[in-house]
Amino acid sequence: MADAGKPNWTRKFLAVTFVVLLGLAAAIAYVYYLPLPVLKPAGEKTLSHKIGGKPKTKVRPAKIDKRPTGTIIIDDIGYDMTALKRLLAMGVDFAFSVLPEAPRAADSARLIRASGRELMVHIPCEPIDRKQMKGMRFLQVDQDAAEIRTLAGDLLDLVPGAAGANNHMGSRFTANEKATRALLGVIKSRGLFFVDSVTSWNTVAYQMASGMGIKCLKRDIFLDHDPSARAVQAQLDAFQVLTKEKDGVVAIGHPHENTVAVLGKWVKNGAGGLKIIRPSKMIEHKMHKPTGQQKKQQVRQQGALLYENGKKRAKAGK
Ligand SMILES: [Zn+2]
């Protein structure tokens, strides 16, 4: 037995060495192939991994801006530079739509571009009452498609650097399919977004733009159809309530004295807790707005993240 024991010990020694080496190799491989750290959503702080130490910072899920989101477009820009400057100075992401043939159109567009705000072209379109057009060129239903395309192109050229367009007037024009299609064709070919100002309940513009694959929005509320300060305040209140109710509301206002004053006060007081975003962002926002099912999924994921963070915290000894 004693003789036979010798090779047995060697075998045991070899086996132990083998197991140790195998363990070592496994440890090296583990460290080497350790998965890369997962990128954490913004706002979440990293845990301290000091053994027995407390985490340096509290682990929080990403901070999400939950303010209801709305859009405010100020159109008929190109006349009153003082009003425009006051609106730009409010530091809110209003969008500005310039009437291409207004006397201060080029200056206004330059100022808006320099401020980094979203610039739009306010395209004059035929209303039921043509007297309202005050001598400016405008798109008309009795022009043929080629004429509409040429004039629309000329008007868009007058406001370089614009990201989108909306109609000025147009209660007759936007109710006419053939004419509206010609205008939207130009908007599409230039890669602009379109906002239907909804100056007529018979408008086909939004539906058609959407069908043509143009990024588009439609106006929900006018801030100053009645330009008295009380009416503007009431409309702004309505915008606020509506935005809190359904999110993604689009308002259109004008650079009237009362509109500027009421908006200025509103912004100073925190803009009703709303987040105002430019139309191009609103289009993205609406495209990515989660459905009911996706919302439930997000809540589940948030819950799982909190649970995991809690477990980590417990492990870290807190
Ligand atoms: Zn207008």
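pLDDT is the predictor's confidence in each residue, from 0 to 100. In this predicted model the protein averages a pLDDT of 85, and 77% of the residues score at least 70. Because the model is predicted, local features need pLDDT of at least 70 and side-chain atom pairs count only at pLDDT 80 or more, whereas totals for chains, interfaces and linings use all residues. Residues are numbered from 1 along each chain as its sequence is written.

Contacts here join two residues whose C-beta atoms, placed from the backbone, lie within 7 Å.

| Stretch | pLDDT | Contacts beyond four places in sequence |
|---|---|---|
| residues 28-53 | under 50 | 20 contacts |

**Overall fold**

The protein has 10 helices and nine strands; these are DSSP runs numbered from the N terminus, with helices being H or I of at least four residues and strands E of at least two. Among contacts with a separation of 6 or more, 70% join residues 24 or more positions apart. Of the 318 residues, 32% are buried. A residue counts as buried if 20 or more other C-beta atoms lie within 10 Å of its own, as exposed if 12 or fewer do, and as partly exposed in between, with C-beta atoms placed from the backbone.

**Core**

A nonpolar core is a set of buried Ala, Val, Leu, Ile, Met, Phe, Trp, Tyr and Cys residues joined through C-beta atoms within 7 Å. The largest one has 63 residues, and F96, V98, L139, L183 and F194 have the most contacts inside it. Helix α5 (residues 177-189) gives the most to this core, with six residues. **Helices α4 and α5**

The axes of α4 (residues 145-157) and α5 come within 9 Å and cross at roughly 40 degrees. Axes are lines fitted to C-alpha atoms, for helices over the stretch in contact, and angles run from 0 to 180 degrees between N-to-C directions. α4 is therefore oblique to α5, since angles under 35 degrees count as roughly parallel, over 145 as roughly antiparallel, 65 to 115 as roughly perpendicular and the rest as oblique. On the α4 side the contact includes A145, I148 and L156, and on the α5 side it includes K178, L183 and V186.

**V92**

V92 lies in the loop between α2 (81-88) and β2 (95-98). Is V92 buried or partly exposed? V92 is partly exposed because 18 other C-beta atoms lie within 10 Å. Beyond its neighbours within four places in sequence, V92 is in contact with V267, A271 and I276. V92 and R117 are 25 residues apart in sequence, and their C-alpha atoms are 8.9 Å apart.
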